[in-house]
Amino acid sequence: VRLVGGSRCSGRLEILHNQTWMSVCDAAFDQQDAEVVCRELDCGAPVQVLGAAAFGKGDAQMWTQEIQCRGNESQIHFCPTSPQEHNCSREYSVGLVCADRVNVRLVGGDSLCAGRVEVYHRGQWETVCDFGWDLVDAAVVCRELDCGEPVDALGDAHFGPGSGPIWTNHVLCFGSELNLKNCGSVESNDYDCDHYKDAAVICS
């Protein structure tokens, strides 16, 4: 699922179906469906569901089946659809505005710009493993938080161990990414990750 023509958390809704991106008919989409899309994109709660191609018509084919999410699904693909079809043209593509939210935070340091790195993912805060964690990765976090330059990239739970899930055990940033979630990651099974290996950052 993606939002096109707006910002990271707003735009015309498109769903990938059989390798083709499709716009969604506004009559087939409601607030509960919006809850699921915003959650899947890690964008906080839905603010507005907009009809009548508010973010442009696009040139995608139209998804015409009714989407019937309960609202608690983690991805739109888990929602049932009904066979009821809406006769719908691109003038009626649905758009969505979710509450854009901060996706990374630093916890346990003495300022907002130092601490254990935590990433907001699918409704909860998760830690990052220190395997391969370096100043390039730290630079992306500091930039995302508007905290200046990286001073140190730390491991071994320098600011104390976190709790809950670990987002990824090996982040791979090039350093030019606008946020940590745009970085690649590798799940490496030969490095045993636990919260005593949580990554941390000190920014300038």
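This is a predicted model: local features need pLDDT of at least 70, side-chain atom pairs count only at pLDDT 80 or more; totals for chains, interfaces and linings use all residues.
The largest nonpolar core has 22 residues, and a second, separate core has 19.

**The largest core**
- Leu13, Val24, Phe29, Val37, Ile67, Ile76 and Leu96 are the members that touch the most other members of this core.
- Strand E2 (10–17), strand E3, helix H1 (31–40) and strand E8 (95–98) each give two or more residues to this core.
- Setting aside neighbours within four places in sequence, Leu96 is in contact with a list of residues including Leu3, Cys9, Phe29, Ala34, Val37, Cys38, Val49 and Phe55.

**The second core**
- Among the residues of this separate core are Val104, Val128, Trp133 and Leu180.

**Ser23**
- Ser23 sits in strand E3, which covers residues 20–24.
- With a relative accessible area of 0%, Ser23 counts as buried because that value is under 20%.
- Not counting residues up to four places away in sequence, Ser23 touches Arg12, Leu13, Glu14, Lys57, Ala60, Gln61, Met62, Trp63 and Ser93.

**Helix H2**
- H2 runs over residues 135–144, and its buried residues include Asp137, Ala138, Ala139, Val140, Val141 and Cys142.
- Strands E9 (104–108), E10 (114–121), E12 (150–154), E14 (171–172) and E16 (200–203) are among what covers those buried residues.
- At the start of H2, Asp134 has a side-chain oxygen within 3.1 Å of the backbone nitrogen of Val136.
- After H2 comes Asp146, with a positive phi near 60 degrees.

Technical notes: Residues are numbered from 1 along each chain as its sequence is written. Side-chain values use heavy atoms; hydrogens and water are left out. Helices (H or I, at least four residues) and strands (E, at least two) are DSSP runs, numbered from the N terminus. Buried means under 20% relative accessible area, exposed over 50%, partly exposed in between (1.4 Å probe, protein chains only). Contact means heavy atoms within 4.5 Å. A nonpolar core is a set of buried Ala, Val, Leu, Ile, Met, Phe, Trp, Tyr and Cys residues joined through side-chain atoms within 4.5 Å. A polar contact is a pair of N or O atoms within 3.5 Å; within protein, one must be able to donate a hydrogen and the other to accept it, and residues adjacent in sequence count only if both atoms are side-chain atoms.
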